[in-house]
Amino acid sequence: MESNGVAEVTNENGGYDLASILFSAERDYLVRNNGDQVKLDSLKGKIVGLYFSASWCGPCQRFTPVLVEVYNQLQKHHNFEVVFVSGDEDNEAYDAYFSKMPWLAIPFSDSEAREKLDALFTVSGIPHLVILDKDGKVLTNEGVEVIQEYEDEAYPFSPEHIGKLREQEAAAKANQSLKTLLVSKSRDYLISADGKEVPVAELEGKTIGLYFLLATYNGCLAFNPKLIEAYKSLKEEGENFEIVMIPLDDDEPSFQEEFASLPWYSLPVKDKCCSKLVRYFELNSLPTVVVIGPDGKTLHPNVAEAIEEHGMKAYPFTPEKFAELEELEKAKRDAQTLESILVSEDCDFVLGKDGIKVPVSDLVGKNVLLYFSAHWCPPCRAFLPMLIQAYKEIKAKVEAFEVIFISSDRDQASFDEFFSKMPWLALPFGDKRKQALSSLFKVRGIPMVVAIGPTGKTVTTDAREQIMSHGSGAYPFTVERIKEIEATYDKMAEGWPEKVEHESHHHELVLTKRQFFNCDGCSEEGRIWSYYCDECDFDLHPKCALGNEGVGGGGDGGAKEEDKATAQGWICDGDKCYKE
């Protein structure tokens with residue numbers, strides 16, 4: 001076996017010898033969190049998981065409770081043990097983290113053994129779980145992923161067993177029914193808010209919405225009233241429709257508090273079907289409402305947005321209904337004018353400075369940017385100076401142009417402070433038109449800038465990105481204008497070699513369009529063109545790669561943003577923490 005330079009001892013079966021990799025001449029025991037010492041004999045004949053983890057690692061903190069639950073389940077009937085290999089750097093943090101674990105550990109004092117195990121199993125990211133069979137052979141190096149996917153059903157973790165589970169999942173998808181989705185070995189019912197058990201069989205033949213809910217997530221809480229309204233309307237109309245909630249909460253009191261106000265059924269909190277359905281439908285956003293047709297087959301992967309926009313009119317969520325709604329939306333877009341989106345009953349004005357009311361009719365025929373933003377939002381505050389600069393440059397050349405601030409601020413004082421820095425117009429704070437505009441333009445995050453043309457029709461909902469890339473040059477934000485800009489960038493690079501080799505880097509560099517970057521040659525910011533190594537994330541300005549002669553651009557403006565947090569020599573990014 002390869003051992004990355006670490007002396008590795010194998011047993012007669014060709015597996016890892018646990019006595020050699022977990023124990024030493026000075027230490028013939030592992031420890032429990034109560035201080036008990038456990039000898040090698042306790043591991044004989046068992047499947048052993050080596051759990052590389054640390055208290056400072058966010059993904060580890062999220063995975064450890066999952067592993068604890070699986071471990072406790074397996075202790076009832078199976079020979080399975082886990083050994084914690086800590087990545088903590090002080091004894092206090094180790095003790096606090098280990099206190100939550102019911103398994104064994106390498107003592108914190110034996111840093112040499114922990115480091116050897118890191119090297120032996122090439123641990124580059126945590127949490128990491130290596131599972132060895134009773135002979136010390138590696139069953140899987142992907143124990144974290146396997147347990148997240150199958151929990152205790154993954155036992156005994158062999159490739160053959162995992163393959164069989166995947167075959168069963170594929171077969172279940174091919175023969176999907178309401179029963180295969182919602183019934184488990186120990187439960188064939190759903191629950192109502194008053195605690196009643198309702199057999200899943202009673203829902204057969206109905207259209208079902210599987211509503212994935214996290215009771216503590218504001219997005220779900222904001223969506224609930226709209227879903228309740230659509231649900232009650234459909235029930236009043238006598239439609240054969242039901243909702244089954246799939247709770248994602250760990251905190252049962254929080255779930256029960258929210259469930260008490262909801263009129264539909266639910267799976268029990270922490271039911272194994274909940275995590276199974278998350279995997280099954282590859283859940284990647286909330287709120288999500290998966291629609292199951294009367295035949296038990298999936299009709300639509302997520303109708304939450306359709307319910308937000310159309311309510312019960314989206315029912316029965318068929319392709320034909322969505323095509324019909326799209327035709328209606330297209331007709332609405334074709335008929336859109338500035339007044340149709342900005343005038344509502346007696347609200348026919350926007351605010352200028354000093355509270356002056358500017359009639360919407362005064363803006364008709366202009367290019368208008370709708371700027372969705374808020375003072376509390378750091379990206380909004382960072383983008384504002386860029387937008388102000390573009391605004392002033394455009395206004396210096398074009399009179400028929402305006403920006404309207406649409407605030408998501410939480411109070412009047414915050415709105416007033418933020419708006420005071422802006423040279424344009426705004427909807428009044430708390431104006432009811434804000435919600436309609438957010439819905440119309442599907443505002444899911446801020447800052448967002450929507451460009452409205454002189455006819456009142458939407459030009460683009462990506463004006464923020466255009467301004468960040470091209471500044472005032474993006475005006476009037478049309479597809480044609482962006483193509484013109486791209487053409488000038490292409491012309492700029494005419495005559496430059498497609499690939500270069502440079503003394504500052506060991507790989508070939510490829511001419512690449514990069515919106516923003518930091519040059520690894522001169523450390524200055526750059527944009528548009530870079531000589532780039534994708535493998536190493538290495539950038540050079542064209543002027544640094546080629547010299548100043550004949551290079552006319554691609555080396556100024558912008559910034560490269562990193563969204564990584566470091567901790568004790570590691571980098572945490574997404575669901576893993578990696579060594580620097």
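Predicted model: local features only at pLDDT ≥ 70, side-chain atom pairs only at ≥ 80, totals over all residues.
## The whole chain

Let's begin with the overall picture. The protein chain has 580 residues, and 47% of them count as buried. Its secondary structure is made up of 19 helices and 29 strands. Taking contacts between residues at least 6 apart in sequence, 59% join residues that are at least 24 apart.

## Two pairs of packed helices

Two packed helices are described by the angle between their axes and the distance between the axes. Two such pairs can be visited here.

Start with helix H2 (residues 58-75) and helix H5 (residues 143-150). Their axes come within 10 Å and cross at roughly 70°. That angle makes H2 roughly perpendicular to H5, because angles of 65 to 115 degrees are counted that way. The crossing of H2 past H5 is left-handed. Which residues of H2 and H5 meet? From H2 come Phe63, Val66, Leu67 and Val70, and from H5 come Val144, Ile147 and Gln148. Sorted by class, this contact has 6 nonpolar residues, 1 polar residue and no charged ones.

Next come helix H14 (residues 378-397) and helix H17 (residues 463-470). Here the axes lie 10 Å apart, and the packing angle is about 65°. H14 is therefore roughly perpendicular to H17. H14 also passes H17 in a left-handed crossing. On the H14 side you will find Pro379, Phe383, Met386, Leu387 and Ala390, which meet Arg464, Ile467 and Met468 of H17. By class, the contact of H14 with H17 has 7 nonpolar residues, no polar ones and 1 charged residue.

## Salt bridges

How many salt bridges does the structure hold? There are 27 of them.

| Salt bridge | N to O distance |
|---|---|
| Glutamate 329 and lysine 332 | 3.8 Å |
| Glutamate 399 and lysine 395 | 3.8 Å |
| Arginine 514 and aspartate 539 | 2.9 Å |

Glutamate 329 and lysine 332 both belong to helix H12 (residues 319-334); because they are 3 residues apart there, about one helical turn separates them. Is glutamate 329 buried or exposed? Its relative accessibility is 15%, so glutamate 329 counts as buried. Glutamate 399, which pairs with lysine 395, has a relative accessibility of 57% and counts as exposed.

Arginine 514 sits in strand S24 (residues 509-518) and aspartate 539 in strand S26 (residues 538-540), so the pair ties together parts that are 25 residues apart in sequence. Arginine 514 is buried, with a relative accessible area of 18%. Aspartate 539 is buried too, at 0% relative accessibility.

Salt bridges can also link up into a network. In this structure, Lys226, Glu305, Glu308 and Arg444 are joined in that way.

## Two residues to look up

Where is histidine 505 found? Look in the loop between strand S23 (499-500) and S24. At 12% relative accessibility, histidine 505 counts as buried, because the cut-off for that label is under 20%. Setting aside neighbours within four places in sequence, histidine 505 is in contact with Cys533, Cys536 and Phe538.

The other stop is leucine 425, which lies in strand S20 (residues 425-426). Leucine 425 is buried as well, with a relative accessible area of 10%. Which residues does leucine 425 touch, not counting those up to four places away in sequence? They are Val350, Leu351, Gly352, Val358, Leu363, Glu402, Val403, Ile404, Phe405 and Phe419.

Notes:
Residues numbered from 1 in each chain as written. Heavy atoms only, no water. Axes fitted to C-alpha atoms, helices over the stretch in contact; angles between N-to-C directions. Helix = DSSP H or I, 4+ residues; strand = E, 2+ residues; numbered from the N terminus. Parallel < 35°, antiparallel > 145°, perpendicular 65-115°, else oblique. Left-handed = near helix turned anticlockwise from the far one by under 90°. Contact = heavy atoms within 4.5 Å. Nonpolar A, V, L, I, M, F, W, Y, C, P; charged D, E, K, R; others polar. Salt bridge = Lys/Arg side-chain N within 4 Å of Asp/Glu carboxyl O. Buried < 20%, exposed > 50% of the residue type's maximum accessible area, 1.4 Å probe, protein only.
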